[in-house]
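Biologist: Please take me through this assembly one element at a time, and give the cut-off behind each term as you use it.

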Amino acid sequence: MKITATQENGQGMWRLMETLFPMYRSLIGPGYAASLSRLAQELPLEVHEIPSGTKVFDWTVPKGFKVNEAYVEAPDGSRPIDFTKNHYHVWSHSSPFFGEMNLEELKQHIAVHHLLPDAIPYRFTYYREKWGISASQEQVESLKSGNYKVHIDTELFDDFLRIGELYLPGKSEKEIVIPSYLCHPHGANDNLSGVVVGMELFKILQSIPDRRYSYRLLIWPETIGAISYIAQFQERIKNVVGGLMLSICGDPGRFEIKKSFCGDSFVDRAVIHALQHYGREYKVFNYEQSGSDERQFNAPGLRVPMVRMSRSFSTYPEYHSSKDDLTLVTEEALLGTLELCCRAIEIMEQDVTYKPNFVVEPFLSGHGIYPYDLGAGEGHRSDRIVQAYYDLAGWIDGQHSLLDIATALDEPIDIFERPISDMLRVGLIEEV
Amino acid sequence: MKITATQENGQGMWRLMETLFPMYRSLIGPGYAASLSRLAQELPLEVHEIPSGTKVFDWTVPKGFKVNEAYVEAPDGSRPIDFTKNHYHVWSHSSPFFGEMNLEELKQHIAVHHLLPDAIPYRFTYYREKWGISASQEQVESLKSGNYKVHIDTELFDDFLRIGELYLPGKSEKEIVIPSYLCHPHGANDNLSGVVVGMELFKILQSIPDRRYSYRLLIWPETIGAISYIAQFQERIKNVVGGLMLSICGDPGRFEIKKSFCGDSFVDRAVIHALQHYGREYKVFNYEQSGSDERQFNAPGLRVPMVRMSRSFSTYPEYHSSKDDLTLVTEEALLGTLELCCRAIEIMEQDVTYKPNFVVEPFLSGHGIYPYDLGAGEGHRSDRIVQAYYDLAGWIDGQHSLLDIATALDEPIDIFERPISDMLRVGLIEEV
Amino acid sequence: MKITATQENGQGMWRLMETLFPMYRSLIGPGYAASLSRLAQELPLEVHEIPSGTKVFDWTVPKGFKVNEAYVEAPDGSRPIDFTKNHYHVWSHSSPFFGEMNLEELKQHIAVHHLLPDAIPYRFTYYREKWGISASQEQVESLKSGNYKVHIDTELFDDFLRIGELYLPGKSEKEIVIPSYLCHPHGANDNLSGVVVGMELFKILQSIPDRRYSYRLLIWPETIGAISYIAQFQERIKNVVGGLMLSICGDPGRFEIKKSFCGDSFVDRAVIHALQHYGREYKVFNYEQSGSDERQFNAPGLRVPMVRMSRSFSTYPEYHSSKDDLTLVTEEALLGTLELCCRAIEIMEQDVTYKPNFVVEPFLSGHGIYPYDLGAGEGHRSDRIVQAYYDLAGWIDGQHSLLDIATALDEPIDIFERPISDMLRVGLIEEV
């Protein structure tokens, strides 16, 4: 089975990025709902709606959030901070507030970015009633002393947490889940990039016949979305055997992969095999608790191995700020990430364990599959595929999967395609 | 739980060193008995007396030993070697002997120190009837040829092997045993230092409420004491889960730790964790069969992990000689060893395995334990204790102990104190 | 138990080499049969005959092969390629062929050696009906254009695959199998060297009383011989616990050892221990599927650990050519390989697991086995054998074999000979 991404997929992802980027989102609210509806035009997503106030484990689904109007009025009547100029000025889920205060007091409520003087930080207060403003360092420094009017006309109202889901059944009920999150205000790299890669990946997967595994795409708001889904759809996750979390997938940096908690699952090994054999720069990190929704699947109560696939993690300076915009993301990088996902899934699909119907070395030429055409029997065995026939005859024992064998031999798993197909056809091996 | 040693403990150990050092001891005999009585004034030791001749496994408890008078008389009537001048001149448990011989023959019976010309070696012949004298190289060289009278008036008599024991019960019957030996003639570093550290450690431990483990201090003569105790009190050691052997603990050298046979027991790991996170110079050695009474606990029939805690092992030149005196030992070094023992035990007491009462990441702020005061939720997680809350939420699974987790995260176990206390209080976790 | 090879064994091997080298062999045929008969004069081999056409697993025993006459006649009537001048000119099991063709067409049927211009390559076509000629590059270049007559008068006829076997029973039915192959046309290094080392090893082994293991020597044609034996004598291999494949054993290069598939079997460890402690240059390779009959025993259906013992593997340029002659092999190298085999077997025989009849350290002097004569009890323990008494008292636990212990202590297993003998005699230990 070949799972391949093309230039066309790159263009599709870029168009979707451009469509979604201008829309203003939060955990729950109209912009998020509109964004998810837009995605549902691309793929037949099932959309779940979970009401605000629903208990999900020990969490509670928050209210929806919208901003009617929000600004800070200076002593001279100007509005140096204004939501209409930049959506990052109001903290996500900030309480409404109307009041007057001097500059020093105002500054206590303004978050600034620690690294970039002209970036407005992305801040939120989902689970603590509080009001808050963000502004750039430059803006704050230009404020003159005096009395300021703060006008934050936000609304927190009963709404629904929304999750988009697409399930592609395979030959096995064993399922690989691929989540991403849609809740950041704009965030091109974090995390529209993850969303569009996930969407495009499922466009490709749904056209692949004879999928071995089943696949489930999940688009939700970060953390509470994952927790709500797991709490509400426990019967849907009982077949999940692993996953790939797409987070920050669009910048042209090296691949940065975070292993699952277990660290050596078939997903970890497939992703690392893909990286090792396809000439891209990468770094593999051990599991650690910081990160995104891979946390929930790797958590003590599930311990489903979920690998995080990223480009720069959260180490790029524009992370969580108004500067995380379309200039950070390239079509080529999105396509690179998509290709890597395709390769990793292709490897998982190929990573089967076979058992031998032979005791000692099988008589390949008697079965008509001795690869004379590749130079076998000519007195040397330089051809790697010829060697692969021999290697498989020695390794296939019902214990070692093809990826185990490829890893032991330091060969790409692809090399086994022809010998496995031959051996299956003549009945020398069968799937365990 | 904090287990701490103070300057006062250092002074207490030094006073006891000065009291015990002048007393002349052997495996069994009046000096040993008096020394143990002196210890029993400091702590309520139970004293066991096992008669000479008792079979303990395939060993036999030796007789008691004392020296009435012992000297070598030179041809000129002088006594160049005289027990009254130095107790090391007579081998411990030397048979009595009275005779005359020329210098060459005499020299066959005199042990000298191989490294230090003015040191008299400590020699013993507990299990072979034999007479023997020790002297310094300088003394032997100054002997003139001629006939010498040897007068060794020692007595070997029925007595009792004596063991001092202190048991401190804890919440669990699981027991940590801390042995040391008191049998060397004087021996400041080897091994009064081990004895006084053990004594002081139990003064501290008995004042600690809510000990998780039970603790047992054992002071005995080396080898035969350990073997006798194990043979005679098998019901008392059935709960022993590990131990710390105190041997050569008083010189200011680096810590030298010998792992248990198993090498990776909770005791090994606690001691190594203490060393790794508290800035002292140290070296960890793999188990090997040379050493002290850690041998008996690690032996094939018990395989109780016992770690040896030392400063310089037996590699200092004055080892087993008349030069192993109070000048080798410092109050500061004794206190350092005591502090390390306290740290190691503190770590063992903290090294609990908890299981989660949550499935995915728990809602810390809902439980009122989100550490806002440490900067949590301010858009970065630089604080290590804030991070520890997250880490524990990912690691606590009923399988990994706190020391496992600390080791995996390369953090000192202390960092978990506040999050564990919080999580226990609100019922998010419980002890396995 | 000492298993030693002498100069005399070296001479015996060399004589046998010289006898066998001139005889022309193939998988099955008169030269192979005569060679095996010659071996049966040296040792009481049982000779099995398996008829051509017999099904062995999914293989079929080939026909016998002989060459009546074979040459290529040049346009001038000369015979530049002639079987009477060199047996390598005709491929083993080449079909007969009589025909005429021009030089270009002829060259399609001539195999040449890729590295050595004057070597005639050894080629075979056992399982594909085909005719073929080998010649040196120099010969082929000297051929002038024109029409050539090819006259290959070979016969393929019903015969028997022949296997020579010698079984030496030991105290245990557990069996170590030592195969080698006799099928190459001449081949001094590959593989008469392996055959003569195996033969001489069994001359030594049959004179060793009280062998712990049973041993089985097997001489066969490569691959099909091993497969036929395993297929036909399954009851004879059910006790095989490991083996040593002798292949290319006669050149003076370093030892090159290929581990078994399992990689850490008692055979692997014995061979590596022998190499580590006996000062020869060597390299250990991980298992890989290229090689000789170790493949069949390590195969998925058996997974019997078989180590391959070689000098230069197949990396010498003369490999599989007319240049693999007596100049490549030395008596000294053959003897070195034989000695290493003896050492490895000696180690396997010594590698016993004992259990202790003691709980803590045993009282060696009470049992009369304290090695006072080696300086034990003299205040230092520099002697390694004295130390070995202590080490064994700590390690022997019914779990660790002597080779485990030797490996852990980084000592040669020999060092335990005296202490083990002492401890067994006084009943401190017994075999598991």
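Biologist: Which residues of H11(C) are buried?

Modeller: Buried here means under 20% relative accessible area, with exposed over 50% and partly exposed in between, using a 1.4 Å probe and protein chains only, while helices (H or I, at least four residues) and strands (E, at least two) are DSSP runs numbered from the N terminus. By that rule the buried residues of H11(C) are C:Val386, C:Gln387, C:Ala388, C:Tyr389, C:Tyr390, C:Asp391, C:Leu392, C:Ala393, C:Gly394 and C:Trp395.

Biologist: On what basis are such values given?

Modeller: Residues are numbered from 1 along each chain as its sequence is written, chains are lettered from A and ligands numbered from 1 in the order in which they are written, and side-chain values use heavy atoms, without hydrogens and water. Local features need pLDDT of at least 70, side-chain atom pairs count only at pLDDT 80 or more, and totals for chains, interfaces and linings use all residues, since the basis is a predicted model.

Biologist: How far does helix H11 of chain C reach from its first C-alpha to its last?

Modeller: The helix runs over residues 384–395 and has 12 residues, of which 10 are buried. The expected span, 1.5 Å times one less than the number of residues, is 16 Å, and the helix comes close to it, reaching 16 Å.

Biologist: Which helices are included in what covers the buried residues of H11(C)?

Modeller: Contact means heavy atoms within 4.5 Å. What covers the buried residues of H11(C) includes two further elements of chain C, helix H12 (402–409) and helix H13 (417–425).

Biologist: With which side chain does the side chain of C:Asp397 make a polar contact?

Modeller: C:Asp397 lies in the loop between H11 and H12 of chain C and counts as buried at 15% relative accessibility. Leaving aside neighbours within four places in sequence, C:Asp397 is in contact with B:Phe261, B:Pro300, B:Arg303, C:Tyr354 and C:Pro356. A polar contact is a pair of N or O atoms within 3.5 Å; within protein, one must be able to donate a hydrogen and the other to accept it, and residues adjacent in sequence count only if both atoms are side-chain atoms. At 2.6 Å, the partner side chain is that of B:Arg303.

**Between the chains**

Biologist: Which residues of chain B lose the most area to chain C?

Modeller: Here 20 residues of chain B are in contact with 25 residues of chain C. Buried area is the accessible area (1.4 Å probe) that two parts lose on being put together, summed over both, and these chains bury about 1900 Å² between them, 54% of it on carbon and sulfur atoms. Together giving 29% of what the chain B side buries, the residues that lose the most are B:Asp58, B:Gln289 and B:Pro300.

**Aromatic rings**

Biologist: What is the angle between the planes of A:Tyr316 and A:Tyr319?

Modeller: Rings of Phe, Tyr and Trp (its six-membered ring) pair if their centres lie within 6.5 Å, and planes under 30 degrees apart count as stacked, over 60 as edge-to-face and the rest as tilted. This rule gives 57 aromatic pairs over all chains. A:Tyr316 and A:Tyr319 form an edge-to-face pair, 5.9 Å centre to centre, with an angle between the planes of 80°.

Biologist: Is A:Tyr316 buried or exposed?

Modeller: A:Tyr319 is partly exposed at 26% relative accessible area. A:Tyr316, by contrast, has a relative accessible area of 9%, so this residue is buried.
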